[in-house]
Amino acid sequence: MKNDLKKQYLFHTKEGRRNLLLSLAAILIGVLFLFPIYWMLQISFKSDMETFGKVLTFFPHQFTIDPWMANLGDKNFLESLRNSFINGFLTMVLTVLFGIPAAYGMGRYKLKGYQAFLLIFLVAQMLPASLMLTPMYLTFNKMHLLGTFFAPPIAIAAGSVPFAVVTLRPYFKSVPVALDEAARIDGCSSLKSFFLVMIPAVKTGIITIITISFLNGWNDLMYTMTFNVKPEMRPLTANIHKFQSKYGTKWNCIMAYGAILVLPVIIMFIFLQKYIVGGMTAGAVKE
Amino acid sequence: MAAIAKQKTRGKKNRRENEGYAFILPGIIYMILVVGYPIVYNFILSFKDTNVQNLAKGTSVFIGLQNYKELFSNPTFLLILKNTFIFTFGSLVFQFTIGYLLALFFYKRFTLAGPIRGLMLIPYMMPMAVTGLLGQNLFLQDGLINEILSWFGVGALPWLTSTATAMVAVVIMNCWVGIPFNMLLLISGLSNVPDDVYEASAIDGASKIQQFFRITFPLMKDAILAVLMLGFIYTFRAFDLMFIMTAGGPLNSTDVLGTYSYMLSFTQYQFSKGSAVAIVLFLCLMVIGILYLILIVKGEKDE
C-alpha cells in the first residue's frame, strides 16, 4: 500500500502518469466550473472606466479595490453585513438548542412512536418556505415579532432543526454503548453523560451542524425580506435590490457586494470542507 | 427473585425511555409550533378571503374553494404552473446527467479528486440570491455568455429580456447549483457498489460499458431515485433565484409557484390567494415527497 502511494508520484510509472493526467483533467473541470466565481471577483476589482468600457476584459487591467471600499465604507452596507451575521448566528443557536438533544434522543433511545417522530422531521425538511411564509407572517404580526431580529431565525430553524436531527442521529447511534455505560457507572447522570461524553464523541457532526445552520441563516432571502420590514434590519441578501438600484449599472460595485456575501462561504469551505461535505451527504440521503 | 430482577430492569428501561422523550420533546414541540401550526393555518387561509383590508378588521369569511377555482381558471396561474414544471424538469435532466458524469470521473482515485470535488460545492453552498445576481451579469446583452457564443459565430441573444430565452438562462444558473449536489450524492451512491462485483464481471469478460449498464446502474437504482426525487423537491420550490435574477419576468415567463405566491401575499396583500398557491405547490411536492419517504423507510428497514 505504501509502495502504491509512492508510485503515484513517480511520473515515469504507469500509476504516476494516470494520477497526473486525471489530476490535470480535474483541474480543468474545476476551473471551468468555478469560472463564474472568478468572473464575479475579477469584475469587483475593475475601475468604473473599465466596467463601462466597450470591450469585455477577462481580468482587471487597472486593478483597484475601490468597488469593495464603496461597499465597506457605506454605513447601510455595514449594517446589513452585521444583520447577516446576527441572522446566521441566531439560526445556529436555535438549531443547536433544539436539534442536538432531539438527534441524541432519536439516536440513543428505543422510543415508542419512533417512526412517527422520524416522519415529522423528514417531512419538515422537505417543506417549501413558501408554505410557511404567509401564515407565519400573520402570526408574527399578531405577536409583534415582525421587524425583530428573532422572526427570521425562528422560521429558518424550522428547516435546519430537522436537518440537524437527520444528520446527527447516525453519529449518536455509532458511539459505542460502553462509553456511555462507563460514564454512568462513574456516577454521571444522563444529562452529565450527554454533555461530557456524548457531545465530545460526536464533535465532527456538531461542527457540521453549526456550520450549515449558520449558512442557512446567512443565505436566507425569503424570510428576512418578508419579516424584517425595515431595510435597516435586513441582511445583505434581502437588500440586494435596494443596493442594485443605488449602483445602477456599476457592475464592479454590485459584484463586490456579491463577493462579500460569498466570502464567508469560501472561507468556511477552506477550513471546514470535510465537515460540510460529510454532513451534506448524510443529511440528504438515508444513511 | 427473578421476577423482582425483571421488574427492576423494566423500571430502569421505562426510566430510560422517559429520558429519551425528554430529549426529543423540545424539538418535537418546536416542529409542531413552527411547522405544523403554519401548515394548518395555511390550509384554513386558503379557504378564506383574507387580505390586508379585512385582516385588521377581522371580517374575513370562508369562501370554500373559491380561491382555487379562480386560480385554475386564470391563464397567468396556469402559465406559472407550467413554468414551474418546465423549470424543474429542465434543471433535473441536465443537473443529473452532468452530475452523474462528473460523479463517475471524481469517483476515480487520484490525488486531487477530493479537494477539487469539495471546491466545486461552493456554488451549492453560496447564497442563491448571489447566484441570481451573478446570472444577471453573465446573461447581459454584452455579457460573458454572449461573448463566448460569439467565438462560435453565434449572434448575441437577448436572454433575460426575452420571454423565449429567460427561462433557459434561469435553468442554466440553477443547474450550476444543482450539479455539485447531484455529483456528491451520486459519488456516495457509487461507493456503495462493492468492488468485487466489478472484479467478478471483469473475469467473466464484461466490457466497461456492459459493466456500467448491467452492474453500476442497477445497483445504484435507489441512490439515483433518491437524488432525482430530492432534486425535484429542492427545485420545485424555487424562489430566490428568480426573485433576484428576473423578478419572474419578462411577462411572467420565469414566474414559478414560489414567486407567484409571494407576489400575491406580499405585493398585492391578498394573503388567502397567496396561501392557495402555496398549497398547490405543497401538494405537488408531496406526491414526490411521499414516494421519497417510502424509499427512505424501506432503506431503514433493510438495515
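A crossing of two helices is right-handed if the near helix is turned clockwise from the far one by less than a right angle. The views below come from a predicted model.

**View 1. Helix 4 and helix 12 of chain B cross in a right-handed sense.** Helix 4 covers residues 75-106 of chain B, and helix 12 covers residues 221-236 of chain B. Their axes lie 9 Å apart. The packing angle is about 140 degrees. The two helices are therefore oblique to each other.

**View 2. Residues from helix 4 and helix 12 of chain B make the contact.** Helix 4 of chain B brings B:Thr84, B:Thr88, B:Ser91, B:Leu92, B:Gln95 and B:Phe96. Helix 12 of chain B brings B:Val227, B:Leu228, B:Gly231, B:Phe232, B:Thr235 and B:Phe236. By class, this contact has 6 nonpolar and 6 polar residues. No charged residue takes part in it.

**View 3. Chain B meets chain A.** The contact takes 73 residues from chain B and 71 residues from chain A. Helix 1 of chain B, residues 2-46, gives the largest share of the chain B side, with 19 residues. The chain B side divides into 50 nonpolar, 14 polar and 9 charged residues.

**View 4. Chain B is built with 15 helices and 0 strands.** Its C-alpha trace spans about 75 × 65 × 30 Å along the principal axes. The radius of gyration of chain B is 25 Å, whereas a compact globule of 303 residues would have one near 19 Å. Of the 303 residues of chain B, 41% count as buried. Among contacts in chain B with a separation of 6 or more, 70% join residues 24 or more positions apart.

Key: Residues numbered from 1 in each chain as written. Chains lettered and ligands numbered in written order. Predicted model: local features only at pLDDT ≥ 70, side-chain atom pairs only at ≥ 80, totals over all residues. Contact = placed C-beta atoms within 7 Å. Helix = DSSP H or I, 4+ residues; strand = E, 2+ residues; numbered from the N terminus. Nonpolar A, V, L, I, M, F, W, Y, C, P; charged D, E, K, R; others polar. Rg over C-alpha atoms; globule rule 2.2 N^0.38 Å. Buried ≥ 20, exposed ≤ 12 C-beta atoms within 10 Å, placed from the backbone. Axes fitted to C-alpha atoms, helices over the stretch in contact; angles between N-to-C directions. Parallel < 35°, antiparallel > 145°, perpendicular 65-115°, else oblique.
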